[in-house]
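Hi everyone, thanks for making time for this.

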Amino acid sequence: MEALRHTINAFATPTTIYLSSVALFAIAMWKMEIVVKPLVMIPVVIVTVLGTIFALTDDHFFKLVTLPDNIPITIMLATVGYFTWYALKKGVENDKRLSENRPLIEQEQDRRVMTWPNLVYIEFICLIAITVFLIFWSIGFQAPLEEPANPTVTPNPAKAPWYFLGLQEMLVYFDPWLAGVVFPGLIVVGLMALPYIDPNPKGNGYYSFKDRRLVIGYYLFGFLIQWVLLIVLGTFMRGPGWSFFGPFQEWDPHKVEALTNINLSELLWVKLLNIGLPKNILLREGVGIVVVLGYLVALPPLLAKTIFKKLYQELSFIRFQIMCFLFLAMLSLPIKMILRWTINLKYIVAIPEFFFNI
Amino acid sequence: MAENKKQFDPDHLFNILKLNKWFAIVSILLLLGVVGLIKKDYDRDWKNWQRKFRSLEIKNTKDEITKVSEDLKNSSEYQEAQAKLDSAGQELKKNEIDLFKLKKELADHENTRFKTDRVFRDLKSVTDSLRYELDEAKHHNDRSVNRIATRLKKKEAELQVARAKKEAAEAVYNKTQSQINELTASTKAAQAELNKASSDLTRLKKKERAIGRSFVNDVLRDAPLLDFIDPSLKVKEIIVDDLYDDYNFAKIKRIDSCTTCHVAIDKVGYEDQPNPLKTHPKLDVYLSSRSPHPIQEYGCTICHGGMGGSLDFVHAGHAPKNEAQAKEWEKKYHWHPLKHWDDPMLPLQYTQANCLGCHKKEIDVPKGDRINQAIFLVERSGCVQCHKVEGWHLKNKPGPTLRKISSKVSEEWLSKWIRNPKSFRPTTAMPRFFDLTNTKDYESKARSSVQVAGIVSYLKSKAQPYEPPSVSLEGASIEQGKQLFGDIGCLGCHSIDDYPKIMQPQFGPDLSDVGSKLSANWIAAWLKNPKQYWPDSRMPNMRLSESEIKHLTSYLLSKRNTAFEEQKLQKADPRVIDKTTLEFLKARMTLKEAQEKAASMSKEEKLHFIGERTIAHYGCYSCHDIDGFENAKPIGVELTLEASKPLPRFDFGFVDIPKNLQSWIYQKLMEPRIFDTGKEKAYLDRLRMPQFDFTPEQAELVTTFVLGLKKDDTPLHRKPSYDNNIDRIHAGRALLHENNCRGCHIVEDMGGRILANYESARQGPPNLKGVGQKLQPDWFYQFLKAPSVVRPWLNVRMPTFGFSDHDNNALINYFRALDRQTQNYETIPELARSGDHYMLGKKTFETYQCQNCHKSPPYPPDTDMENMAPPLTLVPKRLRYEWVDDWLRDPQKLMPGTGMPGFFYYDGKPMTPESEDEVKAVRDYLYVR
């Protein structure tokens, strides 16, 4: 048991968790027909439940999960998993029906009935059930109040509300103006823009997967990997000093981590060329600026010509540009993560003189 | 497919019957939930405690009622009143018919009175309103003026008539009433007497009715939904007006709800109950309205800490006093340490830490026995010398000067002493710096040897020359030395193995092995005058004669510690010397410079350098006066606000103790280097606090002190008033501490530890109670400067402390402030040496044979010194005129236990009518005799 815990702790680094999640996500996207089968899902659920039970035997993990703050997150994990699976399963089912030329699930059930009692009665029962749930919850758990806020003492770790922990995780890799201002703005704007970007009529009013694999994947990557996974990391694995801890590791505020990150300009001018940083800021950060501009401006046309050729034709120029910009902005996080893990890159463009770092 | 198998109802998507069942299920669950909510609220801990307390109180009240009724039965007062009432009742019966008639009449008259009164009042209000209308109409020149004026006149006339009628009715009513009163007067008086005699019983019965068992009390008042009207179970709050909880953005009046569960905390009679229904154990100091800290003005958390607003055992911040109690609480109350509250309760043994919140910088906190002991320990151990604590710096360094050390002890003795002081003298205050938990390994030991050698080399090279004159010990007797040691008062400060230890820890060093340390010459010179070797020494001059010095010196020399003498000195390894030098150098210069510098140094230079750096590293200069470190800063962490420091700033290392402040401090005191355990640290980076070898009890005391060092937000007027008197008292107490006056004398009912060595208190130093009102300041001043003999029968002697004028005045002011004496200069009236008054004094003086005990020197050899009293020749210069007659009237009152009999007064009253005159006459006689 102890050995297993150690192994899991050793395995649990941001790199491994993130990359393995991305890998699992890719496999699921690729072989969705197999993944949603109960034959696959039931063992996954069993393993998850057993794993959770095993994890709960650990004192630290048990305290962490049963913290009144963290209970909603645990509930969220289960519900997100269930509903994602449910939608995808229906989508796969419909895909199968389409290929066999059978009517869709939704078409089969298309009967018109009265709102009362068919809708309202059930809603009413659910309402009572949720009330009951909340009552028992409030009997069982006290409100997780902490000490009076003190402007001179920062709690350690200082954590955002749980639903913003994904954003906070981004702060590890990006400057606050990006992670705290630009990206959240893009997320909101992007979500609002989605219906207008996507002109594909397929999947309208019914579950589907195959016809919309790219769009669903695009969305689910943003939601599951970039949002939910980062919340989980932020809640359960980021401890005092924002240090990363394995699930069974005591949160030690005195943990020391080596900080050896360097900027792209230092990497280029000092490490590779060995001539020292130029005085001129533009010259110094030139490469970084070119890389960023290239990523945002030059890449979309290139994509339109190559792997997104078909998409480009479907979407037309402006839609494609917007889609591409949002897509690349989203991808910048994993890219930055990978650069951080591989070459300890701190900033691609680092102009601390103007508080401008990317 | 599954859907096809089902029979569809064309109108419904779902089976309504099934939904009905679900509806029923969730509704029942909802009901259960609501019941659960009510139960949870009903079943709260504090409600249960209050219920329990109510039964207790009911039982107590009932017991008291039976007791009081029992007492009443036997009380003559009550019996008499009862008898009176009975006879008065009999009397009344005779006039029963008259009374009945009168009462009936009275009812009629009452009726008339009411009616006439009503008419009068109505008319009065009508006239008042008419008057207002008239004024208004006149002001506006209204046409109605005349009409209103006529009406008003008419009504006023009516009012006069009504008034006459009303007053007539009242007169008739009052007459009848007085007739009735006359008849019942004796009964009423008897009833009042009876009520007075049984007032306790009435009060108790009323209380029983209020809290006793009844449908209303038991069911209605606390029923859910009805309990907002007048519940018997109530949250009790003490809101203290000027104490605030600091919530950082807002200051909120402090609310203590502790008494919600601790219901009986300020009520006498529940001392034996278990907590929380127990009475506070020190009601004379706390909570009661007569104590200095009444509960309504102070609340609870100001002393105990904790979250006053909480109604829950855990959230109130209760803190267990030890592991066993923590375990017990975990079982009983699901206790766990409170995470999110900066100010948890202090465990019982540390509560007095919070005395320091208000009694700041106060020496001898009244009734604060633990905190006072803690302050003594802190001063003796020199804690505040290395750790800055605002307001607590000691004037004198607690260790001796090292400026002339070469002449005092040998190099070998010094090395061994520095290495491990307790191996020579287990009770020493000097802590151990070497061979502790983080320096136990072989390498560290080698370094320690080098560092000790370095310190010795540094001290030796800096030492000033001092040569005590040589003495011969011819004719000296160890026995007589021993006798002297016990008699003259050395034991007030020092201990020695021939005498029982009277004080733990001592003020001065234990001298049981001093012969292994000092030379005869040095001891003799020191005894003669300690200040010539060390001007700041607190050792006073005992005014010893040459022969006394010889006896004492030979006695002290005979006290040896052979085990220590045989201890082997650890040699300094040259390679380690080089290494240590380099390490110290590296801390201040570049590697290359350090290596060059080290290469250029000789071995002696290196040792000297190591010594200097080691003294700086360990801060030896904080406690000792060392040449070259006059301006060095203390090395310890500042502790002024230590108890307000957030817990994560304390490094618990890998030590498995509860994660709270008190455990950390306690652990640190018991084993100062323990938090290095399991860590890889360079030698110079390791913890440096030395080992004081505190006992667990002492460590708890020092912890108490440290826990009291916190942010102070008590309003100024809460603190003990800092008037001129209090300032004088504090200044004096500081001097008492500094000079250990309490080692010999009882002052403010504390101290006098040396008295344990004498058969009777008369043989020891006098109790200093009341000397402020007793002594003339001039004489007091002279005495402190150069003590003279007052009590010729004493062997113990008042030493010459060599006080400065400042200290002398401070001491005199202190004693006078204690007795509220403010006049420094007083007149003694001109007294005649003849006349009746003088003769009465003389006669009385002779009658009571004052001279028998108050003999004056010279004393013949056969004098019975046992029963001697201070010579009366001292009176005119020594005693205050006013004090003498007080003393003559009642010596026991001024000094309980004195041998002086009271001749004139008994129990506060003169024995004969002439007594007062006699007192005055004797007093005056004493001044002119």
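Predicted model: local features only at pLDDT ≥ 70, side-chain atom pairs only at ≥ 80, totals over all residues.

Let's begin with chain B. The largest nonpolar core has 37 residues. Which of them touch the most other members? They are B:Phe485, B:Ile523, B:Leu552, B:Leu556, B:Tyr814 and B:Phe815. Five helices of chain B each give at least two residues to this core: α19 (478-487), α20 (520-528), α22 (546-557), α29 (724-739) and α32 (805-818). The largest share, 6 residues, is from α32(B). In terms of domains, at least three residues come from each of domain 4 (405-622) and domain 5 (721-818) of chain B.

Let's zoom in on B:Ile523. If we set aside its neighbours within four places in sequence, B:Ile523 is in contact with B:Leu518, B:Thr553, B:Leu556 and B:Leu557. Apart from this core there is another, of 32 residues, including B:Met345, B:Leu346, B:Leu356 and B:Val378.

Now over to chain A. Here we have domain 1 (2-107 + 160-170 + 206-242) and domain 2 (264-357). Taken over C-alpha atoms, their centres are 29 Å apart. How many residues does each domain bring to the contact? Domain 1 of chain A brings 6 residues, and domain 2 of chain A brings 5 residues.

On the domain 1 side, α2 (14-30) and α12 (213-237) of chain A each supply at least two residues, and α12(A) gives the most, with 3 residues. That side is made up of 3 nonpolar residues, 3 polar and no charged.

Key: Residues numbered from 1 in each chain as written. Chains lettered and ligands numbered in written order. Core = buried A, V, L, I, M, F, W, Y, C linked by C-beta atoms within 7 Å. Buried ≥ 20, exposed ≤ 12 C-beta atoms within 10 Å, placed from the backbone. Helix = DSSP H or I, 4+ residues; strand = E, 2+ residues; numbered from the N terminus. Domains from an automatic or database assignment. Contact = placed C-beta atoms within 7 Å. Nonpolar A, V, L, I, M, F, W, Y, C, P; charged D, E, K, R; others polar.
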